[in-house]
Amino acid sequence: MKTKDLVSIAMMTALLVVLSYIPGIPLGFIPVPIVLQNLGVMLAGSLLGGKKGSLSVLLLFLVGLVIPVFSGLTTTVKVMIGPTAGYVLAWLFVPLLMDWGLSRLKRRRAVLTFVVIWLAGVLFVDVLGGLYLAFFTGAPLFTAVVTSSLAFIPGDTVKVFVATIANLRFHKMSHN
């Protein structure tokens, strides 16, 4: 791996940490807040690709073993034993899934790029997070998955829009 790659991974991890300091919005009806860190995860996949994007998330998890790097000033251990574990664990795979989907597009069209990022960054995360939330809370599976997904989809869709614009602009710049 080149120095440029290591710096890119470290900078994306730093962005993920900075986003953790923006307070989450508690919903009240589920124990999972709305956070901006998942935008950083989508940007990691959009800008760094699968391998480097997932390495930046993994580095976040490792740094979080020592200092609080998640929303609410929590550490990796606290997050992984709490109700948000499924969502956060899914983050590790989002850049890989995005890269896989985006690599199959013959041309970077805005709508298709948006769909790929949405499927990996929202649907995958919400389903995995909802499944774990149902297990953690003892709530019925369907209720936990649908309720949590409906709560997050509007805001997460706006985040996908931002990640899509970043992806298209970055892709355009790198090919000029």
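Which residues form a nonpolar patch on the surface? Select Met 1, Leu 6, Leu 55, Leu 58, Leu 59, Leu 62, Leu 65, Val 66, Ile 67, Val 77 and Ile 81, which together have about 1,000 Å² of accessible area (Shrake-Rupley method with a 1.4 Å probe, where for residues only the protein chains shown count as cover). Patches are made of residues with over 30% relative accessible area and no salt bridge, like charges being joined within 9 Å and nonpolar side chains (Val, Leu, Ile, Met, Phe, Trp, Tyr) within 5 Å.

Before going on, note that this is a predicted model, in which local features need pLDDT of at least 70 and side-chain atom pairs count only at pLDDT 80 or more, while totals for chains, interfaces and linings use all residues. Residues are numbered from 1 along each chain as its sequence is written, and side-chain values use heavy atoms, with hydrogens and water left out.

Next, select helix α3 (residues 50-63), which gives the largest share of the patch, 4 residues; helices are DSSP runs (H or I, at least four residues), numbered from the N terminus, as are strands (E, at least two). Leu 59 sits in this helix, and its relative accessibility of 30% makes it partly exposed (buried is under 20%, exposed over 50%, partly exposed in between, with a 1.4 Å probe and protein chains only).

Lys 52 is partly exposed at 26% relative accessibility, whereas Asp 5 is buried at 18%.

Now move to helix α8 (residues 141-174), where Asp 156 and Lys 159 are 3 residues apart, about one helical turn. Their side chains meet in a salt bridge of 3.1 Å, N to O; Asp 156 is buried at a relative accessible area of 5%, and Lys 159 is buried at 7%.

Finally, turn to Leu 73, in the loop between α3 and α4 (76-80). Most residues other than glycine have a negative phi, but Leu 73, although not a glycine, has a positive phi of about 55°. The residue is exposed, with a relative accessible area of 54%.

Note on methods. Salt bridge = Lys/Arg side-chain N within 4 Å of Asp/Glu carboxyl O.
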